[in-house]
Amino acid sequence: MTAAPIAVALDAPDLDTAARWATLVTPHVSTVKVGLELYLRYGPDVVASVRGASRVQVFLDLKLHDIPATVRGAARAVARLKPSYLTVHAAGGPAMIREAVEAAPATTIAAVTVLTSLDDADLRAVGIEGPAPDAVRRLAALAVGAGAQALVCSPQEAAAVRAEVGPGITLITPGVRPAGADTQDQARVATPEAALAAGADLLVIGRPITAAPDPGAAAAAMAAALRKFPGERPPGTPRHG
Ligand SMILES: O=c1ccn([C@@H]2O[C@H](COP(=O)(O)O)[C@@H](O)[C@H]2O)c(=O)[nH]1
């Protein structure tokens with residue numbers, strides 16, 4: 001049975017919990033995602049801990065955003081951990097994105113367009129010209145032009161982004177919630193099925209799985225639901241390299 005194109009966000013307060021979640025979900029999903037909380041607390045060792053002995057892909061969601069030389073150094077530093085994906089903020093600009101791509105040639109550089117926690121009012125407040133779908137498409141085109149091989153956007157924008165950047169780019173969508181689930185701090189959300197239908201390649205899902213009484217069973221159920229979905233593609237393997 002193939003693993004579902006889901007990246008489980010291991011946003012755990014400690015390494016033991018993250019490693020336990022990873023062990024429970026990896027039979028069912030293609031990818032586990034390490035974010036700032038774990039990486040800042042435990043550093044590079046966290047990657048080996050969540051990878052364990054499995055073949056699961058590791059997604060390093062560090063959302064790098066700094067001057068180009070600094071991002072080059074940071075991307076080079078984490079490239080040796082061989083993550084399948086590394087995130088940078090598209091708003092860091094084309095020169096910064098190019099440096100990340102060059103510094104981590106074996107890793108898919110995923111550019112975050114507009115955080116899925118932001119709505120149109122938030123964009124106005126921080127001075128980004130919206131509405132969100134327009135800002136996302138603009139940043140997506142900029143990032144792909146600079147060499148990003150993947151984009152992070154909400155499932156609500158996935159179809160428009162696909163139309164903008166074409167078929168060769170991996171679309172990664174957080175902001176995924178099963179129907180009726182609490183959206184928590186996410187503003188632009190859709191169901192897993194809607195995300196796939198919109199053309200997403202890899203669905204980032206955290207709390208709906210990790211806060212479940214049995215994260216392994218929750219991941220298995222979501223994977224099974226996606227398998228029934230006629231639009232499902234092969235597991236979210238990077239489209240490049
Ligand atoms: O725009 C973005 C970019 C990254 N994320 C990350 O995805 C997960 C989502 O977790 P949930 O518990 O499913 O809300 C989290 O690690 C974020 O840092 C995002 O949500 N939006």
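In this predicted model, residues 24 or more positions apart account for 66% of the contacts in the protein chain with a separation of 6 or more. Of the 241 residues in the chain, 49% are buried.

Now take the chain as a whole. The protein chain holds 11 helices and 8 strands. Its radius of gyration is 17 Å, close to the 18 Å that the globule rule gives for 241 residues, so the chain is as compact as a globular protein of that length. The C-alpha trace spans about 40 × 35 × 35 Å along its principal axes.

One pair shows the pattern in detail. Strand β4 covers residues 85-89, and strand β5 covers residues 108-112. These two strands pair in the parallel sense over 5 bridges. Among the residues involved is H89, whose bridge partner in β5 is V112.

Finally, look at two of the helices. Helix α7 spans residues 132-145, and helix α8 spans residues 158-165. The two pack at an angle of about 35 degrees, and their axes lie 10 Å apart. The crossing of α7 and α8 is right-handed. Which residues in α7 and α8 meet? From α7 come P133, V136, R137, A140, A141 and V144. From α8 come A160, V161, E164 and V165. Sorted by class, the contact of α7 with α8 has 8 nonpolar residues, 2 charged ones and no polar ones.

Notes
Residues are numbered from 1 along each chain as its sequence is written. This is a predicted model: local features need pLDDT of at least 70, side-chain atom pairs count only at pLDDT 80 or more; totals for chains, interfaces and linings use all residues. Two strands pair if DSSP finds at least two bridges between them. Helices (H or I, at least four residues) and strands (E, at least two) are DSSP runs, numbered from the N terminus. Axes are lines fitted to C-alpha atoms, for helices over the stretch in contact, and angles run from 0 to 180 degrees between N-to-C directions. A crossing is left-handed if the near helix is turned anticlockwise from the far one by less than a right angle, and right-handed if clockwise. Two residues are in contact if their C-beta atoms, placed from the backbone, lie within 7 Å. Ala, Val, Leu, Ile, Met, Phe, Trp, Tyr, Cys and Pro count as nonpolar, Asp, Glu, Lys and Arg as charged, and the others, Gly among them, as polar. The radius of gyration is taken over C-alpha atoms; the globule rule is 2.2 Å times the number of residues to the power 0.38. A residue is buried if 20 or more other C-beta atoms lie within 10 Å of its own, exposed if 12 or fewer, and partly exposed in between; C-beta atoms are placed from the backbone.
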